[in-house]
Amino acid sequence: MRPSDDEFPSATENEELKAAIRERMAAEGRIPFRQFMAMALYHPQHGYYATPRQRMGRHGDYLTSPEVHPIFGSLVAKQLRQMWQAMGEPQPFTVVEMGAGSGLLARDILGWAGKRAPEFFQALEYRLIEVNEWLVENQRRLLRQVDASLAKVSWLPSLEATAAESVSGCFLSNELLDSFPVHRVVVRDGQLHELYVEWQEDRFVESLAPPSTPLLQDYFHRLGFLPGEGCSAEVNLEAPEWVRAVGSVLRRGFVLTFDYGYPAAELYASWRKDGTLLCFYRHNPSTDPYARLGRQDMTSHVDFTSLVQAGQEHGLESLGLTSQGRFLAALGIAAGLERQADGELSLEEYYARRRAVTELIDPAGLGRIKVLIQAKDVGQPKLSGLEGGEP
Ligand SMILES: C[S@@+](CC[C@H](N)C(=O)[O-])C[C@H]1O[C@@H](n2cnc3c(N)ncnc32)[C@H](O)[C@@H]1O
């Protein structure tokens, strides 16, 4: 669905959201940046991710891989089928996709399986978890294209709700973890400080103070180092919590995570002075989280070392970390450059596909997204997506 340019005719920010944040600051004083970001993105009525609007895609604020071309979903489906085979072809094989957005990835996975791998399709059960009710309605409409009665598809209110099913299969997400709210920290004189926000003289003002929670110090203690002196950095405490929760509801199978990020040593390297927090509005990046309140996305890169560590504590062994470019290449994306690869393509379809392939593996763009595969109780199967090696 395409947003109209005059969707927000006069407002460049969401005034109700701003009022709610100011009210909270009036009651509590300064709040950690994490709380500000959580409200800006996820306030239940006025947050960026709560309001009815298409955010991902060429007509939204940012482009994600499923929005580029169905070839992305078909290669992910190929990888899922191999996981299913490595597990001995269980019935059902449940895919839980959290943060499913417009539903395109689900549509393309089910679509590929239905056409190319009927036995796998037979075994597939697809669960979606999405906070935005408006997106859920769109997903329902879209998924009828590949499963008219929605017999294979259902929606769950939260990750915890999967516990009742005790999932055998794969937890899948694309750009979910980089949208979780983050604490922002700064290292001064070897000490960790946290960034807080308050409302003063008609604007949001930042200040540094001791960390709001000992979990921040613990986080770096586990890593064994702090960000460099003078550096500002983000800490996503919810991402490792998410992996722990997934590890405890997954009975047997895999966790396949696509997200922007780095191993901790690279994310918190001393040359990275200003962290990775970025905002997006209609494809324009900005570093100002206080602009266009509730109208712009905010995102920060994921620390994959902490994800791996957290998984290990809950029975998830890392099978490997690679880049999206390598992952897709290893699964055969180059075949998409051949006109005959998918039956006879029209010249227009063929060129669209070529452009998509380049975009999806571009090492300066979507291709640099990391792909982490973790596994529980399935041994050490060889997975094609990891054969291209480390990122
Ligand atoms: C950056 S978008 C990515 C959407 C989609 N995966 C894609 O690649 O196009 C993040 C999505 O995660 C959803 N989301 C964020 N936090 C969530 C949570 N705790 N549970 C379920 N969905 C969540 C948002 O509403 C949004 O649809």
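I take a polar contact to be a pair of N or O atoms within 3.5 Å; within protein, one must be able to donate a hydrogen and the other to accept it, and residues adjacent in sequence count only if both atoms are side-chain atoms. I am working with a predicted model, where local features need pLDDT of at least 70 and side-chain atom pairs count only at pLDDT 80 or more, while totals for chains, interfaces and linings use all residues. Residues are numbered from 1 along each chain as its sequence is written, and side-chain values use heavy atoms, without hydrogens and water.

**Ligand**

I began with Thr64, where a polar side-chain atom sits 2.6 Å from an oxygen atom of the ligand. Asn174 also puts a polar side-chain atom 2.7 Å from a ligand oxygen. At Val131 I found a polar backbone atom 3.3 Å from a nitrogen atom of the ligand. I then asked how much of the ligand the protein buries. Alone, the ligand exposes 590 Å², and the protein buries 93% of that (Shrake-Rupley method, 1.4 Å probe).

I listed 17 residues around the ligand (a heavy atom within 4 Å), and Thr64, Gly99, Glu130, Asn174 and Glu175 come nearest. By class, I noted 10 nonpolar, five polar and two charged residues in this shell; Gly counts as polar.

**Helices H4 and H5**

Next I looked at H4 (residues 70-86) and H5 (residues 104-116), DSSP runs of at least four residues. Their axes, lines fitted to C-alpha atoms over the stretch in contact, are 8 Å apart at an angle of about 65°. Among the residues that meet (heavy atoms within 4.5 Å), I picked out Phe72 and Leu80 of H4, and Ile109 and Trp112 of H5.

Methods
Axes fitted to C-alpha atoms, helices over the stretch in contact; angles between N-to-C directions. Helix = DSSP H or I, 4+ residues; strand = E, 2+ residues; numbered from the N terminus.
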